[in-house]
Amino acid sequence: MAHATHTREDAGGGGRGTDLLPPDHTQAILEVTKEVGAVLKNSGCPFALVGSVAAYAYGIPVRLQHDTDFALRAEDSETVVRLLRERGVRIVDPPEDWLVKARSGGEQIDLIFALAGRAVTRELLDRAWTLPVDSVHLPVIDPTDLMTGRLAALSEHHCDYGALLPVARGLRERVDWDRVREETRDRPMAVAFLYLLRLLGVLPHTPPAEEEGADGRD
């Protein structure tokens with residue numbers, strides 16, 4: 001299905017042509033996701049969808065604009081890269097040592113070995129859910145791991161709560177929020193977002209016991 005690109009002028013804002021909204025690449029990204037997913041499934045290497053496409057697989061109404069992300073173990077990267085090259089996927093060597101970038105059909109692919117600084121492990125991949133992604137079943141990162149990773153990646157320089165809020169709302173019944181809170185308790189931006197979720201009624205408003213006074217009083 002084709003998606004129109006809208007400008008501020010289309011919305012009646014009278015903006016200049018340089019104020020283009022990011023294009024919606026949803027269907028193109030889904031096609032690339034299925035292509036790479038098929039290669040990974042045939043490789044026998046464990047993997048899971050992460051990022052925005054993972055949120056999409058859980059039914060969150062996100063617009064796919066930038067790339068498709070796959071988590072896999074670092075020790076499987078050479079095998080996966082070789083198989084993708086054989087399929088005609090162009091591999092790009094990034095300066096980072098925790099991912100490999102690739103391109104196919106004009107869309108970007110990220111093969112990620114560490115999520116928010118934590119190595120991708122077999123245990124994490126074994127928790128993945130198998131879900132249909134545009135009619136193809138693929139492993140998708142567990143909802144709790146998805147939220148933990150997204151929150152742990154927040155920083156003073158990248159802190160888009162607006163993009164995270166619909167994901168949290170859509171996944172709230174499937175996330176172990178106690179584990180999210182425990183694994184992000186040393187991340188100020190994540191702590192602030194969880195507090196915001198309580199204020200908005202997405203999470204229970206009563207704070208956890210460890211946030212109460214040391215003398216046990218409310």
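1. The largest pocket has a volume of about 1,100 Å³, where a pocket is an open set of points on a 1 Å grid at which a 1.4 Å probe fits, with protein on both sides within 12 Å along at least five of seven lines, and a volume is the space filled by probe spheres set on the points. This is a predicted model, in which local features need pLDDT of at least 70 and side-chain atom pairs pLDDT 80 or more, while totals for linings use all residues. Residues are numbered from 1 along each chain, and side-chain values use heavy atoms, without hydrogens or water.

2. The lining (residues with an atom within 4 Å of a point) comprises 34 residues, and Gly-51, Ser-52, Asp-69, Arg-150 and His-158 lie nearest the pocket centre. Elements giving two or more residues to this lining include helix H2 (51–57), strand E2 (67–72) and helix H5 (143–152), with helices (at least four residues) and strands (at least two) taken as DSSP runs.

3. Three aromatic pairs are found in the whole structure, a pair being rings of Phe, Tyr or Trp (its six-membered ring) with centres within 6.5 Å, stacked under 30 degrees, edge-to-face over 60 and otherwise tilted. The Phe-47 and Phe-70 rings are tilted, because their centres lie 6.1 Å apart and their planes stand at 55 degrees. Both Phe-47 and Phe-70 are buried (under 20% relative accessible area; exposed is over 50%, partly exposed in between, with a 1.4 Å probe and protein chains only).

4. Tyr-58 and Trp-129 form an edge-to-face pair, because their ring centres are 5.5 Å apart and the planes are at 75 degrees. Tyr-58 is buried at 6% relative accessible area, whereas Trp-129, at 31%, counts as partly exposed.
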